[in-house]
Amino acid sequence: MHKLILKPGREKSLKRRHPWVFSGAVQKVEGNPVPGDTVELRSASGEFLGVAGYSPQSQIVARVWDWQERAIDRAFFAERVAHAVAERRAFQYEDVTDAVRLVHGESDGLPGIIADRYGDVVVVQLLTAGAERWRREIADALIAASGIPRLWERSDADVRELEGLPAVVGALSGPAEPSRVTITESGLRFAIDLAQGQKTGFYLDQRDNRRRVREFAAGRDVLDAFCYTGGFALNALAGGAHSVLAIDSSAPALSLARVNAQANSLPDSEWLEGDVFRELRRLRDENRHFDLVVLDPPKFAPTAGHVEKAARAYKDINLLAFKLLRPGGLLVTFSCSGGVPPDLFQKIVAGAALDADAQAQIIERLGPSADHPVALNFPEGDYLKGIICRVASR
Ligand code: SAH
């Protein structure tokens, strides 16, 4: 088998079962592996470390499939995908939703592979050369484990470029047309646009947090900033919010949000197309106030390298949000930046409260729902964190 021999001392993170090998850690490549091939990882002294998928174009040059010496083949994917899907069944999500993440990349031992079930379709992202190499086997494994014959591929994430892979969108199995599908989450119906939706189509990681906002919303004037297709906004309405203003810069997302609001026969809300940074300032200048503000921005810091700029952006929107809140109001604020750790995020929010002259307490911390597990050996998977702050009544 092809081999990657590491530089002396560079086996340490692998021994802690961190699944990535960076290009700078590699001493020598033995054999002649092409992108996606399975390579054996060995320390400088020849010790076996794992078997991995090879991504020669990426800074992350290999991702571990397994820590044992074993064949990576059809049976491997069948077994591991079946395991991931079975884990989801164990927490009985069927009572709550028909939309669930079935495979969550590294944290499920399947680097570069994401699979989200939306009703009777599974949307798949293959993000690495290793995942690309095994696309047929992965597809078959997903069909077998989920019992859903229709697979739709959305391998159009930017990270594919780093792997030297082209964007791929289309049917992996089943109908070639990207029809709209409708899912149910906590009793609310959401339409998913398979062709144009962001990521795989919906942000399933926020399921429990949307539910939490519903529980807090009664009687409140709610602002949902970065609303996408209305996830938090519709939950606030379902929870009896007095009013909802929802803002997003994406026109297609907002038009789907309106469809969703109608489909659920919810009271009217205000859907505003705009830049949240600008709109929050305008609302402040117009002296508008709210009792609950949700901030669920996109990833400002994909990696640690973007942290400073991201910190300024988080500070800015959180400061404005504190200014828009009435006494006793709630700020539900998130960061999905892997590069911003939870303690830093809390510091940023604290700084924002200070500068807004708001007294606030943390009343709850939020994370992703259980179908987005974070493997303890893969802290990079711990990207989504949220805080609910209550602003003191003055
Ligand atoms: N809360 C949503 C998910 C939000 S994802 C849910 O529960 O489904 C982040 C959203 O921010 C995307 O819809 C994206 O279109 C939007 N967005 C990104 N930058 C923006 C900006 N500067 N102003 C307004 N919206 C923005």
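Let's start with an open sheet of seven strands, ordered S16-S15-S14-S17-S18-S20-S19, with mixed pairing. Strands here are DSSP runs of E with at least two residues, helices are runs of H or I with at least four, and both are numbered from the N terminus. Two strands count as paired if DSSP finds at least two bridges between them. At the edges sit strand S16 (270-273) and strand S19 (360-366), each of which pairs on one side only. On average, neighbouring strands of this sheet are turned by 15° against each other, direction ignored. Angles are taken between N-to-C directions and run from 0 to 180 degrees, using axes fitted to C-alpha atoms (for helices, over the stretch in contact).

Before going on, a word about the model: it is a predicted one, where local features need pLDDT of at least 70 and side-chain atom pairs count only at pLDDT 80 or more, while totals for chains, interfaces and linings use all residues. Residues are numbered from 1 along each chain as its sequence is written, and side-chain values use heavy atoms, with hydrogens and water left out.

Now step into the sheet. Strand S14 (residues 221-225) runs parallel to strand S17 (residues 290-295), and four bridges join them. Val222 stands opposite Leu292 in S17. Carry on from Leu292 and you reach Leu330 in S18, which stands opposite it. S17 and S18 are also paired in the parallel sense, over five bridges. How many of the eleven residues of S18 are buried? Eight are, so S18 is largely enclosed by the rest of the structure; buried means under 20% relative accessible area, against over 50% for exposed and in between for partly exposed, with a 1.4 Å probe and protein chains only.

What about the helices on this sheet? Helix H8 (residues 251-263) lies across strand S15 (243-248) and S16, and runs at about 170° to S16. Helix H11 (residues 342-355) packs on the sheet too, touching strand S18 (325-335), S19 and strand S20 (385-391), and its direction makes about 30° with that of S20. Contact means heavy atoms within 4.5 Å.

There's also an open sheet of five strands, in the order S7-S8-S9-S10-S11, again with mixed pairing. Its edge strands are strand S7 (99-104) and strand S11 (168-173), each pairing on one side only. Neighbours in this sheet are turned by 20° against each other on average, direction ignored. S7 runs antiparallel to strand S8 (residues 113-118), with five bridges between them, and Val103 has Ala115 in S8 as its bridge partner. Helix H2 (residues 74-90) lies across S7 and S8, at about 140° to S7.

On a 1 Å grid over the protein atoms alone, a cavity is a set of points where a 1.4 Å probe fits but cannot get out, a pocket is an open set with protein on both sides within 12 Å along at least five of seven lines, and lining residues have an atom within 4 Å of a point. The structure holds one cavity of 30 Å³ or more. Its lining consists of Gly53, Ser55, Arg63, Trp65, Pro111, Thr128 and Gly130. The second largest pocket has a volume of about 160 Å³, volume being the space filled by probe spheres set on points joined across faces, edges and corners. Of its 15 lining residues, Trp67, Arg80, Glu106, Gly109 and Asn377 are the closest to its centre.
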